Amino acid sequence: MRKVTTAQAKRDFQIAFLTKFRIERSPLNTGWLVILGEGLAEGFLVDAARKEQRVFKSLDGAVSALEDIGFNIDALFKG
């Protein structure tokens, strides 16, 4: 799975390459991961300096990161 920084995600969102995301619990249940895109283009949101997965302590943090990229989030649901 590829690694995507916030800057890369913003660029991809602006050119309509990035249209999907999901939020998942981290493997050790220490927080939440943001996965951007789907299929072969799928990637984790990572810290720009360390290039490590960003683990958000709350759903609010994950949603804020997605809104910073450009997504408009009105609801969260399990489907």
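Helices and strands here are DSSP runs, numbered from the N terminus. The model is predicted.

Start with Thr5. This residue sits in the loop that joins strand S1 to helix H1. Is Thr5 buried or exposed? Thr5 has a relative accessible area of 9%, and buried means under 20%, so Thr5 counts as buried. Which residues does Thr5 touch, leaving aside neighbours within four places in sequence? Thr5 is in contact with Leu45, Val46, Ala48 and Lys51.

Next comes H1 itself, residues 6–14. Thr6, Ala9 and Asp12 are buried in this helix. They cover an arc of only 125° around the axis, so they lie on the same side of H1. The cover over the buried residues of H1 includes strands S1 (2–4), S3 (32–36) and S4 (43–45), and also helix H2 (59–69). On the face turned away from the buried side, H1 carries the exposed residues Ala7 and Gln14. Just after H1, Ala16 takes a positive phi of about 65°.

Now the aromatic rings. The count comes to 2 aromatic pairs. One of them joins Phe21 and Phe71. Their rings are edge-to-face, 4.8 Å centre to centre, with 65° between the planes. The pair links distant parts of the chain: Phe21 is in strand S2 (residues 21–25), Phe71 is in the segment after H2, and the two are 50 residues apart. Phe21 has 30% relative accessibility and so counts as partly exposed. Phe71, at 9% relative accessibility, counts as buried.

Methods. Residues are numbered from 1 along each chain as its sequence is written. This is a predicted model: local features need pLDDT of at least 70, side-chain atom pairs count only at pLDDT 80 or more; totals for chains, interfaces and linings use all residues. Side-chain values use heavy atoms; hydrogens and water are left out. Buried means under 20% relative accessible area, exposed over 50%, partly exposed in between (1.4 Å probe, protein chains only). Helices (H or I, at least four residues) and strands (E, at least two) are DSSP runs, numbered from the N terminus. The arc is that of the directions from the helix axis to the C-beta atoms. Contact means heavy atoms within 4.5 Å. Rings of Phe, Tyr and Trp (its six-membered ring) pair if their centres lie within 6.5 Å; planes under 30 degrees apart count as stacked, over 60 as edge-to-face and the rest as tilted.
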